[in-house]
Structure formats: C-alpha cells, structure tokens
Amino acid sequence: MVLLAQFWQFMLAIHIAAVVVGFGVTFAYPIVFSYGLRMDPAAMPWFHRVQVRIGKRLVNPSLAVIFLVGIYLASHLHQWDRFYVWFGVVVSLILGALGSLFFEPRELHLAELAERDITAAGGGQVVLSREYQVLNRQVGAVGAAASGLILLTVLLMSTGYP
Ligand code: HEM
C-alpha cells in the first residue's frame, strides 16, 4: 500500500514523476511542429513561444527536482560508485545547459523569424524563410539527441547498469 511505502520509495516515485512531467511534453514537439506547420504556418510564433514558456515553467523545475531527488536516492541507496548515477549527473547538467544556452535563445529567434516572415507575407500565404528552416532543423536535430539521451538515461537507471 502507498502509505506503507518507505520514504525513499516515495522519493523514487517523485524522481520518476518529474521525468514524466518534465520531459514527456518535449517528445510531442516534433508532432506539434510538423502538424502545426501544415495546418497554419502563421501559428508558429505561438508554438515557439510556448516551447520557451514550457522550458522555463516545466522542464527546468522538473530537472531540478530530478537532480536533487537523484542525489538523495544515490546517497540513501549508497549508489555513488555506480556508473548509472554519474551518467545521470552528467546528462542532467548537459540538459540544463542545453535548455538555457541552446534551446531557449533559438526558440525565441525562431519565433521572431516566423513573425518577420508572416509580416512579409502581408496577409497572403505565409512562406517561412530558408533562415527559419535551417535554424529549425538545427534545433530539431539537437532536440532529437537530447531525447535520445533521456531515453538512454531511463534505460541505465532502470537496469542499474553496470
Ligand atoms: C535525465 C536525468 C535522469 C533520468 C531521466 C532518470 C530516470 C530515472 C528512472 C526512470 C528511475 C527509476 C528506475 C527504476 O526504479 O527502475 C531512476 C532511479 C534512480 N535514479 Fe535517476 N534519473 C535521472 C537523473 C538522476 C540523477 C542526477 C541521479 C543521482 C544524482 C539519479 C539517481 C537515481 C537513483 C539512485 C535511482 C534509484 C535506482 C534504484 O532503484 O536502485 N538519477 N532514475
């Protein structure tokens, strides 16, 4: 029964819940992006600004919870000599740095580029510029790599590798 769980098990549940809550939405970005682009290119500034907001309000705070609770778990379970723990530490730092230094400024720039292209269309059909497409591909590639790192970390944490 949940109430009979030990405190560390409760913390493990928080650690896992923060992974789901913080990272889950980012896996939907490619779908929202490609569908949104087809449905209404004029909505792309909205999409990129929502991405920035989600990064600040959901991903970063969840990452902080994952990291701090992870430290508690590794200490309580005496796991500091295990590879998976240090892998999680490094991945968390990489994701934190990517969020603030890579994704946030580029998503803002994508929003601005899309707004510029919409204004240039003057109410006609919106064609997003090559500059927008190139930057978007760059952000998408790094996003896919970050998603891969998250999945790999979940795998290593679950198996306790090595
Ligand atoms: C992107 C970062 C991270 C992700 C996605 C992640 C994911 C997970 C998941 C899914 C579990 C549950 C595994 C299971 O019970 O089968 C877990 C457990 C755990 N995590 Fe993390 N984690 C991350 C970061 C960290 C960090 C930074 C630390 C330590 C500083 C850490 C330490 C632990 C520990 C000690 C466990 C418990 C393993 C056990 O039950 O024996 N994690 N993590």
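Here is a quick tour of this chain, from its overall layout down to one glycine.

The model is predicted, so to speak of a local feature takes a pLDDT of at least 70, side-chain atom pairs count only at pLDDT 80 or more, and totals for chains, interfaces and linings use all residues. Residues are numbered from 1 along each chain, following the sequence as written. The chain has five helices and zero strands, where helices (H or I, at least four residues) and strands (E, at least two) are DSSP runs numbered from the N terminus.

**Overall layout**
- Along the sequence, the pattern reads α-α-α-α-α.
- The C-alpha trace spans about 60 × 30 × 20 Å along its principal axes.
- Of the chain's 162 residues, 18% count as buried; that takes 20 or more other C-beta atoms within 10 Å of a residue's own, while 12 or fewer means exposed and in between means partly exposed, with C-beta atoms placed from the backbone.

**Nonpolar cores**
- A nonpolar core is a set of buried Ala, Val, Leu, Ile, Met, Phe, Trp, Tyr and Cys residues joined through C-beta atoms within 7 Å.
- The largest one has eight residues: Met44, Phe103, Leu110, Ala111, Leu113, Ala114, Tyr132 and Val139.
- Helices α4 (83-121) and α5 (130-159) each give two or more residues to this core, and α4 gives the most, with five.
- Leaving out residues up to four places away in sequence, Leu110 touches His48, Tyr132, Leu135, Asn136 and Val139; a contact here is two C-beta atoms, placed from the backbone, within 7 Å.

**How α3 meets α4**
- Helix α3 (residues 44-76) packs against α4 at an angle of about 170°, with the axes 9 Å apart; axes are lines fitted to C-alpha atoms, for helices over the stretch in contact, and angles run from 0 to 180 degrees between N-to-C directions.
- That angle makes the pair roughly antiparallel, a label for angles over 145 degrees.

**Around the ligand**
- The ligand is surrounded by 24 residues, the closest being Gly70, Leu73, Gly88, Met157 and Ser158; to be near, a residue needs its C-beta atom, placed from the backbone, within 6 Å.
- The elements giving two or more residues to this shell are α1 (7-23), α3, α4 and α5.

**A look at Gly96**
- Gly96 sits in helix α4.
- Gly96 counts as partly exposed because it has 15 C-beta neighbours inside 10 Å.
- Gly96 and Ala64 are 32 residues apart in sequence, with 8.7 Å between their C-alpha atoms.

Definitions and conventions
Parallel < 35°, antiparallel > 145°, perpendicular 65-115°, else oblique.
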